[in-house]
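Trainee: Could we go through this one together? I'd like to start with the metal site and then move on to the strands.
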Amino acid sequence: MSRKHRIREETGNKASSLGVALSWLLILLGCSSPEPPQAPSPETEPAPAPAIILISIDTLRADHLGSYGYSRDTSPRIDALAHDSVRFTSAFAPTPWTLPSHASMLTGMHPYEIGIDNSYRTIPPEIPTVSELLARSGYQTAAFVDSDPKGFVGAERGFGRGFEVYQHSPHQPGLAQRFDMAATVDGALDWLKDRDPLRPFFLFLHTKSVHAVPNDAECLDPRCFPYEKPEPWQFRFISSDQAPASWTSPEDGAGQRYLWSLNAKILEGELDPKAYPEDRLDQLKAFYDAGIYYVDFHLGRLFDDLKQRGLFETSVIVVTSDHGEAFLDHSLFMHQEVYDPLLRVPLIVRLPNPAPRAVRADQVVLADIVPTLLQQANAPIPQHVTGRSLPWTSEANNPRTAGSLREIFSYYLFPRKFSYHSLALRRGDWKLIVHNPESPDRFRQELYNLAQDPAERQPVSGQPLLTEELRQTLRHRLRQAPVAQGAELLQQDFPNLEAIRALGYIE
Ligand SMILES: [Zn+2]
C-alpha cells in the first residue's frame, strides 16, 4: 500500500472514531445526532512523500566544481542540476575525513556528539540514522557505497541500519579498480528498475572515484598515478606525454601511500612543501579533476534515467561531499587539516517542482541534511537531531546575520603513522585553529578573519580577547560528553579526545 493511501486510511479511521465519540457525547447531552462524519477532502491531505536521493562524492572540494567558480569544466551535469536547485556556498563538514563526516550527514548530529573520535568507532545503536527514520515512514531504502562492510561507510559501522539494500563495493566482480562510480551507478539503475513503484524511496550513493587510489595493487597504469581513472578519463585535463614516467617508489609506495609519505616528510621537517615542484602539483590537480569529471559523467547517466522515469522533477536530490582535498594549499596533501579547502563542501539541493532556485550564503553543516530530508518526507524530526533544516526562502542569506551566526566546531584526530591533530571553531567571519593541543612542543594556534582573508593566509595577532574567548568556547565544547558512544570495531591504539583531555589542553 502506498504511503499516501495509508495516510488517507489512517486519517479516515481517526475521523470515524472521533465522529462516533462526538455522537455519543451529543446524545448524552440531549442534543440531536450530528451529520455523519465527512471524509477529509483531498485538498487537506499531505502531499505525497517525494523520492529522496542523497549523493555523497567523497573528497570533493567545493571550489573544483564549475558551479562553485572553478575554471576547468569538471562538472557540467552537476552544474546543470545546481542551476535548478538551491546551492549553498558556505556548507561545512565537521571533520576532514570520511567516517565522522558521513556519520554526521546520516544522523543529523555532530560526530563529536555521538562519540566518533577515532577510526574504529561505530554509530551508536541508540542514534537512528536517516534511513531508519525514513523506513519507519514507509520509505523503501537502498544504498550503494564505496566501502568495505567494516570501512568508513560500511554497514558494520552502523550505516547499513534501516536499508533494505546496502551494497558495498566492488559492485561488480572482476573490476580492475575497486572503487568505480560506473559500477555504483549501474547498481543504482538496476535497483531503480526493480523497486516497488508504489512506495517512496530513499537512495544513498557514495563514491570514492574522486579520492586518491587506496592501494598500490589498484593502480591501473604502471605509472601509478595518485588519482587514477580508466583511460581516456585520466587525461581529460592533461596530455599523456606530460605525465611523469612514474609516481611510485619502493620508499613512498603508490596511490594515496605516496601522498601520505609526502605528508609524513613535511610534518617531520624532511620536506619543504614550498620546494615541491609546481608542475607536479599541477599534474596532481589535473588527475584529481579528471576524477570529478568521471563522477559527473556517471551522475549524468543517473539523472537521465530519473528523467526518463519521471522522477527527476518530483524527487529531492542532494549532492554533497564529506570533505575536501588539499594540494599544499597550506602545508599538506590529502585531507588532514581543518583549513577551509578541507571543510568547505558542495551542497546542492534540488526540491520537487516547482523547485526553488537560489544561491545561499548561510553557514550550514552536513548535519543539516537529515532534518531537511525528514521535513521533505513529512516525517517527524527526533529531538536528538541537532542539525537545522536548511533555509530556502528566509531573509537571512548572509553569513553575518544573526540567523546564520552559528559556531561550527571541526576536528582532525586521525594520526595514522604520525601524530598531528587540529581543532577549529568558526564563528561568523572568525575562525580559530588549534594545532597539536596535546603537545607543548608543537602546540600552535591561528586566528583568521575570513571576511578579509578567506584563504586563511595571514593569522590575526591583535585580538587576544577574542582568541581567548573562542579558545574557551572550544574547550567548553570539548568538555561536553557525547550523548551516545558507539562500539569500537577493534581495540583502538590512537589518541582520542579523551587522551587530549587528559594531556591538559581540555582542562
Ligand atoms: Zn572521505
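Mentor: The site of the zinc ion is tetrahedral, with angles of 99 to 123° among its four donor atoms; four donors count as tetrahedral if all angles lie between 85 and 135 degrees. Bear in mind that this is a predicted model, in which local features need pLDDT of at least 70 and side-chain atom pairs count only at pLDDT 80 or more, while totals for chains, interfaces and linings use all residues. Residues are numbered from 1 along each chain as its sequence is written, and side-chain values use heavy atoms, with hydrogens and water left out.

Trainee: Which residues coordinate the zinc ion?
Mentor: Asp58 (OD), Thr98 (OG1), Asp322 (OD) and His323 (NE2) do, at 2.0 to 2.1 Å, where donors are N, O and S atoms within 2.8 Å of the metal (3.2 Å for Na, K and Ca) and water is not among the atoms, so sites may look incomplete.

Trainee: And where do Asp58 and Thr98 lie?
Mentor: Asp58 lies in the loop between strand E1 (52–57) and helix H2 (76–83) and Thr98 in helix H3 (residues 98–107), so the pair ties together parts that are 40 residues apart in sequence. Helices (H or I, at least four residues) and strands (E, at least two) are DSSP runs, numbered from the N terminus.

Trainee: Are Asp58 and Thr98 buried or exposed?
Mentor: Both Asp58 and Thr98 are buried, meaning under 20% relative accessible area with a 1.4 Å probe, protein chains only.

Trainee: Switching to strands, how many bridges join E2 to E9?
Mentor: Five bridges join strand E2 (residues 86–92) to E9, and the two run antiparallel, with Val345 in E9 as the bridge partner of Ala91.

Note on methods. Four donors count as tetrahedral if all angles lie between 85 and 135 degrees; four count as square planar and six as octahedral if opposite donors are over 155 degrees apart and all others between 65 and 115; anything else is irregular. Buried means under 20% relative accessible area, exposed over 50%, partly exposed in between (1.4 Å probe, protein chains only). Two strands pair if DSSP finds at least two bridges between them.
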